[in-house]
Amino acid sequence: MPTSATAPEPARRQTDTGRITSARQFTRFALAVSVLGIMLQLALNAYYLSVGHAPSPHDLPVGVVGAPAQRQALTAQLEKDGAFAVTVYDSPQRLTGAIRGKDVYGGVDLTAERPTLYLASAAGPSAANLLRTTFITAIAEQTGKQVRTLVDQGRPVPAATVAALTAPPAVTDVVPLPAADRNGAALGFLVQALVLGGTIASTGLGRLIPLTPRSHQRGLGHVATLVVYALGSAAVVLWTMSWFDVGTGADAGRLLAEFTLISLAITASTAGAVALIGPAGALLGLGYFTVGTVISGAGVLPEFLPDPARAIGQALPPGAGVSAVRDSMYFPTADISGPLLTLGLYAGLGCLIVLVTNTLPNRSRRHSEVDLHLVERLEGHPVPAVTVAAAVGGPGDGRTAQ
């Protein structure tokens, strides 16, 4: 019958809505996607190179042990361009204790017959290498001046004296990197995996949650899922670390708690953003991965980043997480209250937003119209009219709004 043949047409037109039906539309769409991709690449290239192409220290904390006359010239040379911030210690023991507590990245003892350089390669190989080069150069310049002064005064300088003055300082690595992680890159890889996994998990939950009615039970279920995922994610991190003997000397329980908090901070804050603004909120997790991991301090130490990038990096979950885990692995006496507070705020606020947005708007335990449109976009097919009518309290709902 003609009526039956023509009836499906409206549905077909609705299903075909948004499809490209001409070469002109395809060209416009392809051009827009290409321009968007190129502009995004331009922005990321500029960003990555601006923070990492030539890292240099900014107020890198170091220590010096020595008499005022010994350390004055060295301190002035180190602090000349703002590269280092020098702290004076009264003994080598105090200096090494400060290194183990990560108050300083290293230092030099000038009181011994032969200067001794103390480092902590576990704090970052780039800082250790810089300190080694800088201190050896600075001490060589000072001893060279002493030799030239003696020569200018016409005083004989025995060969043994010249050798003693010009000998490079002894080097002691107070907190070395383990042999299983010689370049210190493992932590950065682990945090990248956490961020990427958390983003994917939050996006998946954003697809699943709108399929159920809004209620406080849904909010509690969402938060419980985030917590369970965070625990599982942290357990996987520790398990894979054990395969490669990374972090074997650290407190496993402490690391488990910190990795759980990092994962929860990432997933909960991303889920909170999705709850507030919709699927676009998932871009927050993508930002953690593309922007936050670069300035987290895992690859380039915070003290080697430009000031804005350094502050922003440590204020994001990847940066706070790197600082907390690195100190727990290699500097257990260091104060990590700041990074833990940052992670706790992201995790707590994210969970609170998820709870509130699921509890307050819809006490009748019905789907909201926004939920149904989100389902339509995610599933790729229109929601039946009967379902929409039921959701908004129209015919067929059988309930009244409370």
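Helices (H or I, at least four residues) and strands (E, at least two) are taken here as DSSP runs and are numbered from the N terminus. The model is a predicted one, in which local features need pLDDT of at least 70 and side-chain atom pairs count only at pLDDT 80 or more, while totals for chains, interfaces and linings use all residues. Residues are numbered from 1 along each chain as its sequence is written, and side-chain values use heavy atoms, with hydrogens and water left out.

By that assignment, Phe331 has its place in the loop between helix H13 (317–330) and H14. Phe331 is buried, with a relative accessible area of 0%, where buried means under 20% relative accessible area, exposed over 50%, and partly exposed in between (1.4 Å probe, protein chains only). Contact is understood as heavy atoms within 4.5 Å, and once the neighbours within four places in sequence are left aside, Phe331 is in contact with Ile99, Arg100, Lys102, Ala120, Ala122, Ala123, Val175 and Arg326. One of these residues, Val175, is 156 residues from Phe331 in sequence, yet the two are 8.0 Å apart in space, C-alpha to C-alpha.

Lys102, another of the contacts of Phe331, also meets the side chain of Asp327 in a salt bridge (3.0 Å, N to O), a term that stands for a side-chain nitrogen of Lys or Arg within 4 Å of a carboxyl oxygen of Asp or Glu. Asp327 lies in helix H13 and Lys102 in the loop between helix H5 (92–100) and strand E3 (106–109), so the pair ties together parts that are 225 residues apart in sequence. Asp327 counts as buried at 7% relative accessibility. The structure holds four salt bridges, among them one between Arg310 and Glu303, whose side chains meet at 3.8 Å, N to O; in this pair Arg310 is partly exposed, with a relative accessible area of 27%, whereas Glu303 is buried, with 10%. In the salt bridge of Asp90 with Arg94 the closest N and O atoms are 3.8 Å apart, and here both Asp90 and Arg94 are exposed.

A pair of aromatic rings is described by the distance of the centres and the angle of the planes. Rings of Phe, Tyr and Trp (its six-membered ring) pair if their centres lie within 6.5 Å, and planes under 30 degrees apart count as stacked, over 60 as edge-to-face and the rest as tilted. By this rule the count comes to four aromatic pairs. The rings of Trp243 and Phe244 have their centres 6.4 Å apart and their planes at 55°, so this pair is tilted, and both Trp243 and Phe244 are exposed. The rings of Tyr288 and Tyr346 have their centres 6.4 Å apart and their planes at 80°, so this pair is edge-to-face. Since Tyr288 lies in helix H11 (residues 283–292) and Tyr346 in helix H14 (residues 337–359), the pair ties together parts that are 58 residues apart in sequence. Tyr288 is buried, with a relative accessible area of 2%, while Tyr346 counts as partly exposed at 23%. Ring pairs also link Trp239, Trp243 and Phe244 into a cluster.

In helix H4 (residues 68–78), Leu74, Thr75 and Leu78 are buried. These three cover an arc of only 105° around the axis, which puts them on the same side of H4; the arc is that of the directions from the helix axis to the C-beta atoms. On the other side of H4, Pro68, Ala69, Gln72 and Ala76 are exposed. Ser263, found in helix H10 (residues 252–277), counts as buried at 1% relative accessibility, and apart from residues up to four places away in sequence, Ser263 touches Leu194, Tyr229, Ala230 and Ser233.

Over the whole protein chain, the secondary structure comes to 16 helices and five strands, and of its 402 residues 41% count as buried. Residues 24 or more positions apart account for 71% of the contacts with a separation of 6 or more.
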